[in-house]
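Colleague: I am new to this one. Could you take me through the terms used for it, and show what each rests on?

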Amino acid sequence: MAEHRSPVDGAPLVTLYDEDLPPDNSYAFSPEDLEEDEMILNMGPQHPSTHGVLRVELKTDGEIVKDARPHIGYLHRNFEKHAENIDYQGVIPFTDRMDYVGSMGNSLAYALTVEKLLGIGVGERVAGIRVITAELQRIASHLLAMGTYGMDIGAFTPFLLCFQQRERILDLFEWLCGARLLYNYNWVGGVSHDLPEGWTDKCRRFLDEFVPVLDEVDKLLSHNKIFIRRTADIGIITPEMAKDYALSGPNLRGSGIDWDLRRDDPYLGYENYDFNIVVATSPHGPVGSCWDRYFVRVREMYESVKIVRQALDRLPAEGDVHENVPRFVRPLAGEAYCRSEAPRGELAFYIVAENKKPIPYRVKGRSPCFVAMGLFHEITRGEMIADIIAIIGSLDIVLGEIDR
Amino acid sequence: MSAASIIERLAAHLGLEEGAFESDAEAKDPWVRVPGDKLLAAAEFLKTDPELDFDTLHCVSGVDWPGDDPPAIEVVYHLTSLSRKHWIVLKTRVDREGASLPTLETVWKAANWHERETYDLFGVRFEGHSDLRRILLPSDWPGHPLLRDWEWPETWHKIPVKAGRQMTERAEGGQMTGVGPFD
């Protein structure tokens with residue numbers, strides 16, 4: 001481990017600046033071990049295309065990356081420690097702030113885990129609403145991934161089109177629960193607000209108008225020659241690697257593995273919906289490339305639209321969304337681990353409960369982005385520096401969830 | 001394969017007599033607890049046995065039990081088999097003092113970062129790990145915060161870091177914390 005100082009430790013203009021900071025030893029590579037022409041380069045933490053506060057330490061030889069180590073933790077607030085002091089429902093806003101562009105999926109995973117712990121279920125209407133919001137959130141999240149990925153590579157127009165559509169989903173959510181990003185919507189045993197009058201019509205109209213736009217963006221970006229040349233043969237994750245590193249979600253399916261929790265371990269009645277699992281077919285290069293992962297997300301949006309349409313059709317007209325919300329959450333001693341298919345992969349919570357206590361003994365969040373970042377050094381070795389950006393974007397990470 | 005037969009198969013391979021180890025095949029998430037010195041053998045068998053074929057390590061979590069006799073940290077491995085579509089939870093207990101376990105990085109590479117996190121937050125050392133550095137916290141952070149008896153420092157390099165207790169006091173007093181329909 002290197003013991004050298006970075007040029008400036010801390011920020012000297014901050015009043016809290018501490019002159020006695022220890023040497024920065026958060027380097028994985030040491031300058032002594034470098035060979036001729038090699039250098040250590042820090043990419044980030046404030047780099048627009050690292051999708052958050054991520055620092056990547058690169059060992060480079062010219063433009064070639066010899067090795068790379070991601071450094072995370074800049075957004076770490078340890079919600080798991082906070083959860084030791086907060087009642088079960090109070091943890092939900094903390095989970096919202098993990099993957100802050102996919103909050104519906106986070107609170108859903110947490111609520112499902114506590115419900116499993118309590119042994120309670122939810123009514124059909126609540127399940128339907130949860131499916132609708134989760135799938136809309138998946139579309140919003142994938143739109144963000146698609147738009148920013150194009151922008152990382154240098155295509156600006158798709159970004160604007162994607163964000164216009166994402167904005168409409170956020171408007172729907174705002175109408176539903178008053179918040180645009182951090183919803184606190186899925187409660188233990190229910191959801192916070194029932195669908196307002198006219199919401200389903202507006203949602204249907206959105207879906208009708210969204211699909212042609214998605215077609216257009218897809219034509220603009222996915223099969224663009226330059227885009228394919230930039231992404232179709234870099235960052236290869238073989239199926240074996242994907243399993244070994246326990247990848248999940250679009251990253252796993254991008255490596256050609258046919259696995260989706262919505263089909264293979266269904267929850268919320270997903271087994272009753274008619275939709276396809278999108279698996280990479282790799283027309284432009286080896287399986288598991290950046291393009292494959294990107295394209296899985298694009299195709300998944302069409303499937304999500306299908307699911308939302310079906311859910312809207314069969315949503316029971318009547319039903320109290322607070323019917324099963326427990327007055328007190330005091331589970332018996334035990335533990336539960338519940339996984340769900342969030343936009344970025346399998347998000348799971350592990351909760352250990354003490355007997356009839358209002359506060360969880362231990363909450364652990366299993367973040368799909370954290371896991372995906374664990375294999376980053378494997379797929380960047382030997383690539384060009386500019387391709388590092390394409391690889392980070394294709395993993396679709398959110399640092400709030402990695403650092404928790 | 002059912003949880004009971006997975007546990008039976010594993011126990012038979014490790015040579016554990018019935019009653020010599022704890023397990024629960026009827027739990028919400030069926031689990032089996034193996035001694036620390038059998039952990040690596042158990043993991044290797046779970047991964048390589050063609051009937052079991054646990055190809056992914058889903059999650060590694062630590063749980064601190066300072067009040068137990070003897071005080072222990074439990075390390076919990078959630079395993080999934082994508083090919084066979086079954087699940088099992090592998091647990092092991094280590095002493096809180098000088099907690100140390102063999103690394104499972106050699107079995108599933110996903111263990112690398114999970115074990116770094118468990119080391120960072122619980123102080124469990126994983127022997128043979130290729131890169132056991134702190135991962136989430138700064139390298140000079142005092143202690144391992146998810147230990148139950150860890151004490152919040154007032155400041156870290158003059159930055160105030162201590163959290164308030166109001167939320168805890170409200171929750172322990174039976175009040176709601178502003179989430180849910182009844183507040």
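Modeller: Two strands pair if DSSP finds at least two bridges between them. The model is a predicted one.

Colleague: How do you know that strand S2 of chain A pairs with S3(A)?

Modeller: Strand S2 (residues 55-61) of chain A is joined to S3(A) by 7 bridges. At least two are needed, so the two strands count as paired. They run antiparallel. Among the bridge partners, A:Arg55 has A:His71 in S3(A).

Colleague: What makes strand S1 and strand S3 of chain A edge strands?

Modeller: The sheet is open and has 3 strands of chain A in the order S1-S2-S3, with antiparallel pairing. Strand S1 (38-43) and strand S3 (64-71) each pair on one side only. Neighbouring strands are turned by 20 degrees against each other on average, direction ignored.

Colleague: How do you know that A:Ile397 touches A:His51?

Modeller: Contact requires C-beta atoms, placed from the backbone, within 7 Å, and A:His51 is listed as touching A:Ile397. Residues up to four places away in sequence are not counted, and A:Cys369, A:Ala372 and A:Met373 are also among those that A:Ile397 touches.

Colleague: Which residues have the most contacts inside the largest nonpolar core?

Modeller: They are A:Ala109, A:Val114, A:Ile351, A:Ile397, B:Leu57 and B:Val124, in a core of 156 residues. Helix H4 (residues 124-153) of chain A gives the largest share of this core, 15 residues.

Colleague: How many residues does each chain give to the contact?

Modeller: Chain A gives 47 residues and chain B gives 37 residues. The side of chain A that touches chain B divides into 22 nonpolar, 12 polar and 13 charged residues.

Technical notes: Residues are numbered from 1 along each chain as its sequence is written. Chains are lettered from A and ligands numbered from 1 in the order in which they are written. This is a predicted model: local features need pLDDT of at least 70, side-chain atom pairs count only at pLDDT 80 or more; totals for chains, interfaces and linings use all residues. A nonpolar core is a set of buried Ala, Val, Leu, Ile, Met, Phe, Trp, Tyr and Cys residues joined through C-beta atoms within 7 Å. A residue is buried if 20 or more other C-beta atoms lie within 10 Å of its own, exposed if 12 or fewer, and partly exposed in between; C-beta atoms are placed from the backbone. Helices (H or I, at least four residues) and strands (E, at least two) are DSSP runs, numbered from the N terminus. Two residues are in contact if their C-beta atoms, placed from the backbone, lie within 7 Å. Axes are lines fitted to C-alpha atoms, for helices over the stretch in contact, and angles run from 0 to 180 degrees between N-to-C directions. Ala, Val, Leu, Ile, Met, Phe, Trp, Tyr, Cys and Pro count as nonpolar, Asp, Glu, Lys and Arg as charged, and the others, Gly among them, as polar.
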